[in-house]
Amino acid sequence: MFYFFYDFALYLGVFVANLVFIAVYVVVLLLNHRGRYSVARNVLLGNACSQVFVVSYFISAGAGVHLFYFTLASILVFLFQSLHVLKYIAIMAMFGTLYIIVHFLFSQSFVAEPVPSPWVDIMYAGSVSGALTLLGVFLYLFRKQIDQAEDELTLNNQYLETLSNTDPLTGLANRRVLDDTLAQEWARLVRQPGAMSVIMCDVDHFKLFNDRYGHDSGDHCLQQIATALKGVLSRPSDLLARYGGEEFALVLPGTDEAGGRYLGEKLREAVERLNIPHAKSNTAACVTVSVGVSGLDHVSPDVSQHGVDRLLKCADQALYQAKANGRNQVVFLPYPSAYTRAGQ
Ligand SMILES: Nc1nc2c(ncn2[C@@H]2O[C@H](COP(=O)(O)OP(=O)(O)OP(=O)(O)O)[C@@H](O)[C@H]2O)c(=O)[nH]1
């Protein structure tokens, strides 16, 4: 605008040069629009570098146009994020060198179309503001990109963690989580003595169910049972996991023997209430589960050294007895009395 109103004939050179550079920016936009991103960014950088150089040649470094080299450095960070550190340093050094060359080469007395004071000072102020604003915008966009990448990474990690902890068929926790939870709860109880129960739950005659109704119906049946078992639990600290094929396990911190028995019966009833027909079962007309419960009211120091595996084994033995006794029932076996406070 200055060239146009001040003395258009005098500044024709810089005016035409700027027009050419603007035309190249339009080409950059077109290339970008056509998906030729790499060519577009190279042309953009080349054009911007040349424009700063040529404009400074016409109107002198006093106008501060070469300050835009610093802005170009920030654009470079934004556009070439996977640049090797040595290349990156080399290109930064190139911008620094260009700045120094322009600064010392194009003084007021050596340029083609010098701008008089105070206009050259006004232009300098404009260049400082423009360069700083653009620098800020690009650094902000870069920061935003990093934040976005971090958010995506966190989401992906959460997704992977959920995936590795979840049984895909039922959506329940898997055996890995069960083992970890058992170990954690046991360690906590050793520090802060209290009660704990473990329940094992196995679907009766499930092989016959699969044979009679097909594998898909078997899968659906397991999903329904998982939902029913989940519905019985109300404490956030309770954990229900799929232990194996048609076997489920529960860890119930803070639940004593009586509580374990009570919950075991609730679980059995919940599955029976589903009333899923099982024509091949000689236990009942519908799908049922056998339940083994074990627990202890107090984890004393002498108990703690025997570990939580013993508790799981006890619940498994109780389940075995429930099967042997005719299925569709709950059997309780206490943690071996010699190790509990009651047995001391
Ligand atoms: N549909 C389906 N079946 C499964 C899955 N996991 C295990 N099974 C089946 O569950 C059956 C378990 O059979 P068994 O261990 O003999 O036990 P059962 O037939 O339930 O007999 P009892 O436990 O003695 O009452 C096998 O046929 C497995 O193939 C699963 O994810 N989906």
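Select H205, which sits in the loop between β1 and α8. Helices (H or I, at least four residues) and strands (E, at least two) are DSSP runs, numbered from the N terminus. H205 has a positive phi of about 50°, although it is not a glycine. Most residues other than glycine have a negative phi, and most peptide bonds are trans. Is H205 buried, exposed or partly exposed? H205 is partly exposed, because 19 other C-beta atoms lie within 10 Å. A residue is buried with 20 or more other C-beta atoms within 10 Å of its own, exposed with 12 or fewer, and partly exposed in between; C-beta atoms are placed from the backbone.

Before moving on, two notes on the model. Residues are numbered from 1 along each chain as its sequence is written. This is a predicted model: local features need pLDDT of at least 70, side-chain atom pairs count only at pLDDT 80 or more, and totals for chains, interfaces and linings use all residues.

**Stop two: the whole chain**

Zoom out. The protein chain has 12 helices and five strands. Of its 344 residues, 28% are buried.

**Stop three: the ligand**

Show the ligand. It is surrounded by 17 residues, and the closest are D204, F206, K207, G218 and G245. A residue belongs here if its C-beta atom, placed from the backbone, lies within 6 Å of the molecule. Colour β1 (196-203), α8 (206-213) and α9: these are the elements that give two or more residues to the shell. By class, the shell has five nonpolar, five polar and seven charged residues. Ala, Val, Leu, Ile, Met, Phe, Trp, Tyr, Cys and Pro count as nonpolar, Asp, Glu, Lys and Arg as charged, and the others, Gly among them, as polar.

**Stop four: two helix pairs**

Two packed helices are described by the angle between their axes and the distance between the axes. Select α9 (residues 215-232) and α10 (residues 257-274). Their axes come within 9 Å and cross at roughly 140°, which means α9 is oblique to α10. Axes are lines fitted to C-alpha atoms, for helices over the stretch in contact, and angles run from 0 to 180 degrees between N-to-C directions. Angles under 35 degrees count as roughly parallel, over 145 as roughly antiparallel, 65 to 115 as roughly perpendicular and the rest as oblique. Show Q224, I225, A228, L229, G231 and V232 of α9, then L263, K266, L267, A270, V271 and L274 of α10; these make the contact. Two residues are in contact if their C-beta atoms, placed from the backbone, lie within 7 Å. This contact has nine nonpolar, two polar and one charged residues.

Now pick α4 and α5. These helices pack at an angle of about 170°, with their axes 9 Å apart, so α4 is roughly antiparallel to α5. Y69, L72, A73 and L76 in α4 meet I91, M92, F95, L98 and Y99 in α5. The contact of α4 with α5 divides into nine nonpolar, no polar and no charged residues.

**Stop five: two loops**

Go to S60, in the loop between α3 (37-59) and α4 (68-79). S60 has a positive phi of about 85° and is not a glycine. S60 counts as buried because it has 24 C-beta neighbours inside 10 Å. Next, find P118 in the loop between α5 (85-105) and α6 (119-165). A cis peptide bond joins S117 and P118, with omega about 0°.
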